[in-house]
Structures are given as structure tokens and as C-alpha cells.
Amino acid sequence: MIGAISLSTNITVTSSGLGIPQKPSKPISSTLKWLAKSCKLEEALRLIETSPSKLTATESDIEAYSLLLHTCISQKSLEHGQRLYLQFLLTEDKVKHNLVNNPTLKSKLITLYSVCGRVEEARSVFVDGLEEDESVWVAMAIAYSRNGYLAKALVVYCDMLCRLIWPGNFAFSMALKACAELPELGVGRAVHAQIVKSNQEPDQVVNNALLRLYAEQGCFGDALKVFETMPQRNLVSWNSLIASFVRRDRVFESLDCFRRMQGEGMGFTWVTLTTILPICARMTALQCGKEIHVQIVKSSKRPDVPVLNSLMDMYAKSGAIDYCKRVFDRMQSKDLTSWNTVLTGYAVNGFIEQGINLFNQMEESGIRPDGVTFIALLSGCSHAGLTDQGRRLFDKMRLGYGISPTVEHYACLVDLLGRAGRIKEALDVVENMPMKPSGSIWGSLLNSCRLQGKVSLAERAAMELFELEPNNPGNYVVLSNIYANAGMWEGVNRVRELIKERGLKKEAGCSWLQIGNRIHTFVAGGGFQFRNSVEFEKVWNELLDAMEKVGYIADTSVVLHDVNEETKSMWVCGHSERLAIAFALVHTAAGMPIRITKNIRICADCHSWVKTVSMVTGRVIVLRDTNRFHHFKGGSCTCKDYW
């Protein structure tokens with residue numbers, strides 16, 4: 001009778017008799033959910049471990065345990081996850097089976113172990129029972145992928161298919177990611193076929209993964225087909241396509257893709273800009289870079305340091321070092337890369353004095369330089385002929401900052417000494433450096449021999465280079481030029497025969513410039529349509545007349561071929577930078593700066609020619625070759641004819 005009354009009135013019965021009526025206790029699952037959402041893992045685990053009742057497997061309890069494991073994953077709290085798993089194992093067999101084999105809990109346990117780098121423990125959870133749920137298989141595959149075991153991730157995916165478990169979008173995206181990184185294009189195509197056959201429409205993540213697979217494998221036709229047929233494209237889609245073009249050296253396509261992205265109003269992320277700005281720098285596409293700068297200024301978000309570093313690098317490599325410095329001065333926070341970017345910009349643009357002043361400010365600010373800092377300073381001193389200053393900086397790097405010189409530092413030192421005519425000292429450095437000389441070391445010495453006319457030492461350096469870099473045609477060309485300068489035509493013929501035997505081809509001189517949104521390219525001896533135009537003939541003849549009046553005479557000695565003077569003059573006039581400058585004079589307004597990029601070193605006569613053009617036209621001409629920048633103005637160059 002008492003028992004009946006107790007059940008109906010919620011009166012508790014104690015050892016001392018009838019108790020006071022109480023409200024029903026709050027279910028433990030509700031408390032666990034609240035603790036999980038509040039990230040109070042220790043309290044939640046203590047409640048479970050001290051609860052007199054055993055764990056149950058109701059829907060509400062499963063949801064509570066799932067929330068707890070989700071919090072463990074977000075905080076990477078392996079200890080609390082292991083304690084909860086232990087409680088699952090300690091409960092009675094029926095409940096244990098329901099908890100340990102619940103797909104949701106199992107997937108989260110596998111994920112927890114994987115984010116904590118415990119792949120073997122994740123595998124032990126995975127194999128504990130017969131897996132029939134796709135989410136568990138995908139969790140295990142992602143666990144392998146996350147920890148770098150991409151091949152094993154694909155094996156899990158294939159095993160799932162063998163169990164006749166049809167994959168969904170999560171499985172597809174995981175498999176495609178693994179195929180892209182391995183790389184496994186054939187398997188990726190097979191996954192693509194499964195996606196097409198699936199009754200489930202691929203989501204944005206799957207489409208992006210498919211796009212990335214084809215783009216990174218160089219299958220641009222397939223990548224563009226996927227891109228064009230995607231029902232929706234987000235920033236990830238555009239960034240993937242742009243990054244794939246950049247990675248495959250498709251610079252023009254990457255710029256076109258970025259312009260199209262902006263034309264469709266997609267906007268950008270900082271990742272987009274840090275991907276595209278280096279392309280603007282490489283192509284000396286200053287106008288495009290300035291447009292990006294405008295978008296950064298207009299953005300409601302504050303740009304991060306990597307974006308501003310990329311922006312400075314673009315300006316420095318486009319010859320606009322003043323803009324680079326302005327960005328640097330206005331940065332609220334700077335890292336070492338920020339300082340190094342400006343220092344490198346000063347060095348390659350021929351303003352090493354300003355670079356050394358900035359380095360002094362850097363030291364005063366307490367910023368500790370690294371090896372990159374000194375590579376910039378040493379190369380700048382080499383280009384400017386500051387030999388003693390460069391040697392002091394080299395010693396300061398070693399003795400003042402304890403930075404061990406690398407091969408790159410020794411290459412700068414050899415170049416520094418060799419350019420100054422101190423060939424013996426340069427050779428001593430090569431022979432006594434603590435590591436084996438690399439191609440860059442011997443290349444610096446070979447170039448010094450070219451400048452100083454040292455044939456015998458050039459032959460030694462070239463022989464070393466032919467062993468280290470047998471397929472680099474530039475080394476053969478330099479040796480051939482050294483022979484030609486010395487009038488040793490038999491040596492020239494021997495080198496040419498060697499080039500022919502090894503199937504090498506000399507890189508053709510190529511120059512390009514940006515006008516509007518187009519980049520125009522000119523090859524030495526090419527551009528026939530432009531050269532036969534009325535506009536070209538008019539500008540060219542006016543230039544010749546004006547240059548003759550100021551005393552310019554072509555130096556045909558730069559043509560290192562045994563041909564007559566008339567042929568030499570014709571060849572010199574067809575050099576690519578001359579065509580590019582003539583094109584700019586035709587298609588740009590008077591007084592506008594001209595910016596040219598060349599893929600090889602400018603020759604001595606073209607250097608004199610451009611100096612004279614800058615004088616007679618009143619134009620500032622900025623030319624970047626493989627070695628450095630030349631800023632021409634009023635008949636002089638920032639290199640001071642030392643390059």
C-alpha cells in the first residue's frame with residue numbers, strides 16, 4: 001500500500017520511513033548536454049563516473065554523449081574522450097554493444113583520436129565490430145588522410161565499396177582530396193564516374209575537390225569543364241582554379257581568371273590576393289597590382305601582414321620601390337619578411353645605399369636579421385660595386401649574428417669579388433668554402449670571367465658547370481661568348497657543337513610589357529607585323545635621327561658571331577627590348593613611364609641604346625632583366641653602367 005502511494009505522489013521512502021515530497025530529478029542527459037555546450041568536460045566526466053546509475057543508450061543519452069565527444073574534438077582533449085570511451089566499455093553488455101557500435105559515437109571517437117594524431121587507436125575503434133554505416137568508414141578514411149596516410153585512406157574507401165556501402169558526398173570529397181595529393185589521377189577519374197552515377201547530387205565541396213584534382217594534375221580541359229558546369233561557384237572554386245594555374249606556371253590564364261572572377265562580382269579573400277600578387281610581380285604587371293591595392297584599401301577588413309608583404313613584393317619586383325616603401329611605412333605591424341622584402345627591393349632596384357640605411361633602422365628597432373637579410377644586402381653591394389662594404393657585412397653576419405653562411409651567401413661573395421676584378425680572392429673563396437661549390441657558385445665565377453676576360457679560369461668554371469648542370473644551355477652560351485670576345489672562334493664552334501650534340505637550345509630573348517589590361521610579348525628578331533607598320537617606321541626613324549644628333553653609335557661587338565658589320569647592326573636592332581620600347585612609344589601617351597621585363601640579361605649596346613632613348617624622349621624607362629632592374633632617366637641608369 002505504501003508502495004502504491006509512493007508511486008502516485010512521488011513521496012520517497014527512506015530507511016526512517018516516509019520522506020518529504022520532492023520534484024523529479026533532472027535527467028542526466030540534459031545536464032550532460034548543458035555541460036558539453038559549456039565546454040565543462042571535467043564536470044561532465046565526473047558526473048558520469050560517479051553516477052550510481054549505469055549508462056543507458058536512449059536517443060537522448062546518445063545525443064548527450066555525442067555532444068561531449070564533439071567538445072573533446074574541438075578542444076583536442078584526448079584524456080576526456082578516453083575516459084568517456086572507458087565508461088562505454090565498462091557498462092553492461094547490451095548497453096555496451098549499443099554505445100560502442102553506435103555509428104555517431106564511433107565516428108566521433110575515430111575523429112577524436114585522429115585529430116590528436118593517434119591513428120592506431122582510431123583504427124582499433126573502427127575494427128571493433130562489423131561496420132555497415134558510411135559515416136564510420138568516412139571517419140576512418142579522413143583519419144588516415146588527416147595524418148598523411150593518403151594511400152591507406154583510399155584503401156579504406158575501396159574496402160567500403162567492396163562491402164557494397166554506397167558512398168555519399170563526404171566519402172567522395174575525401175577520396176578526391178587523397179587522389180589530388182598522392183597524386184592518383186586514374187583513381188580520381190574512377191571516383192568522378194561514381195559521382196556521375198550517384199543518385200545524390202554532388203555538393204559544393206565535392207565539386208571543388210573535383211576541380212582541384214584535375215587542376216593540380218594539369219588536366220586544364222577537364223578542370224575548366226568541371227568549373228563551367230558547376231551549379232554554384234564560391235571563392236574556394238575560384239581560388240582553386242587560380243592557384244592551379246599559378247602552380248602550373250600558366251601566368252596569363254591566372255590573371256585572366258582573376259579578372260573574370262572580379263567581373264562576376266565574386267570578391268576575393270586574402271588567399272586570393274597572396275596567390276595573384278606574385279604573378280603580377282613576376283609579369284611586372286604593375287597596373288594590375290595597383291588595381292588589387294585599390295581593392296585592399298576599399299575592403300572593410302584590415303589586410304593581414306602576409307597580404308601586405310605580397311603587395312610590397314609586387315611593387316618592388318615591378319620597379320616601383322617608392323610605392324613599396326610607402327606600404328611598409330604605413331604598416332601597423334611588421335614581421336621579418338616585411339623588412340626583408342623592402343631590403344631585397346632596394347637591392348635589385350639599385351638603391352643599396354637606402355637599403356643599408358634601412359638595415360641600420362632594423363637593427364635599432366631590435367629586429368634580428370636572418371640569412372635572407374644578408375643575401376639581399378650582399379647582392380645589392382655586388383650590383384653597386386661596394387666590395388669592401390659587402391665584405392664587412394659578410395663578416396658581420398658570421399661574427400656579429402652567428403649566422404652560418406649558406407651556398408647562396410658564398411655565391412654573393414664570389415660575385416661581389418669577381419665583379420670588382422678581384423678574381424684571385426673570388427677563387428680562394430670557392431676553393432676554401434666549407435661545402436662543395438654549387439652551380440650558383442661556379443656560375444658567379446664564370447660570369448666574373450666574362451666581365452674580366454679570364455678565358456682559362458672560365459674554362460675551368462664551365463667544365464664544373466657542365467657536370468653539375470649538363471642541361472642548362474645558359475652556361476654553354478656564356479662560355480661561347482667569352483671565346484667570341486677573345487676572338488677564339490674555334491672555341492666558339494666547339495661549344496656550339498657540344499650544344500648540338502646534347503640537344504640543347506639557347507633561350508631566345510623575350511621582352512614583355514603591360515598596356516591596359518593586355519600584356520604584349522616580343523621575341524628577338526620577331527614582331528614582323530609591328531615592324532612593318534607605318535607607326536613603327538615613323539617612331540623608329542624619328543628615334544634614329546634624334547639619337548644620331550646626340551652622338552649614339554651602335555656597338556656591334558655585342559654580336560658574338562663571325563659575320564659582317566651590316567648583319568651585326570641588323571641583329572642588334574632586332575633585340576626584343578627595343579621592339580617593346582618602340583611599341584610603348586607608339587601606344588602610350590607622351591611622358592608616361594615605360595616598364596619592360598626581359599627573360600635574359602640586357603646586352604651592353606641595348607643598355608646604351610635605352611639610355612639614349614630616355615634622353616631624347618624624356619621618358620622614364622624601367623627595365624628588369626634576369627639580373628637586376630635598370631632605371632633609365634635623362635640618359636643615365638641607376639646601375640651606373642656596373643652590372
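Below, two colleagues talk through a predicted model, one asking and one answering.

Colleague: Happy to dig in! Which arc do the buried residues of helix 16 fall within, seen down its axis?
Modeller: Helix 16 covers residues 251–263, and its buried residues are Val251, Ser254, Leu255, Cys257, Phe258 and Met261. In an α-helix, residues three or four places apart point the same way, because there are 3.6 residues a turn. The buried residues of helix 16 line one face of the helix, since seen down the axis they fall within an arc of 160 degrees.

Colleague: Nice. What covers the buried residues of helix 16?
Modeller: Just after helix 16, glycine 265 takes a positive phi of about 70 degrees. The cover over the buried residues of helix 16 includes helix 15 (235–247), helix 17 (270–283), helix 18 (286–298) and strand 4 (518–523).

Colleague: On to helix 27, then. Which helices do its buried residues pack against?
Modeller: Helix 27 runs over residues 439–452 and reaches 20 Å from its first C-alpha to its last, close to the 20 Å expected. Its buried residues include Trp442, Leu445 and Leu446, along with Ser444 and Asn447. They pack against helix 25 (407–419), helix 26 (423–432), helix 28 (455–468) and helix 29 (473–485).

Colleague: Which residues have the most contacts inside the largest nonpolar core?
Modeller: In soluble globular proteins, nonpolar side chains tend to be buried together. The largest nonpolar core here has 165 residues. Isoleucine 110 touches Ala122, Val125, Phe126, Val136, Ala139, Met140 and Ala143, leaving aside residues up to four places away in sequence. The residues with the most contacts inside this core are Phe88, Ile110, Met140 and Ile292.

Colleague: How many residues are in the second, separate core?
Modeller: Ala580, Ile581, Leu585 and Val610 are included in that second core. Its residue count is 30.

Colleague: Is strand 7 largely enclosed or open, and why?
Modeller: Strand 7 spans residues 629–633, and four of its five residues are buried. That burial is why strand 7 counts as largely enclosed by the rest of the structure.

Colleague: Which residue of strand 7 stands opposite leucine 623?
Modeller: Strand 6 (residues 621–624) and strand 7 pair in the antiparallel sense over four bridges. They form a hairpin with four residues between them. Opposite leucine 623 stands histidine 630.

Colleague: And which glycine takes a positive phi in the hairpin of strand 7 and strand 8?
Modeller: Strand 7 and strand 8 (residues 636–637) run antiparallel, joined by two bridges, and phenylalanine 632 has cysteine 637 as its bridge partner. Two residues lie between the strands, and the one with a positive phi, near 60 degrees, is glycine 634.

Colleague: What about phenylalanine 536 and tryptophan 540: stacked or tilted?
Modeller: Both residues lie in helix 32 (residues 534–549), four residues apart, about one turn of the helix. Phenylalanine 536 is buried at 7% relative accessible area, and tryptophan 540 is buried at 11%. Their ring centres are 5.2 Å apart with planes at 20 degrees, so the pair is stacked.

How values were computed
Residues numbered from 1 in each chain as written. Predicted model: local features only at pLDDT ≥ 70, side-chain atom pairs only at ≥ 80, totals over all residues. Heavy atoms only, no water. Expected span 1.5 Å × (residues − 1). Buried < 20%, exposed > 50% of the residue type's maximum accessible area, 1.4 Å probe, protein only. Contact = heavy atoms within 4.5 Å. Pairing = 2+ DSSP bridges. Core = buried A, V, L, I, M, F, W, Y, C linked by side-chain atoms within 4.5 Å. Arc of directions from axis to C-beta. Phe/Tyr/Trp six-rings, centres within 6.5 Å; stacked < 30°, edge-to-face > 60°.
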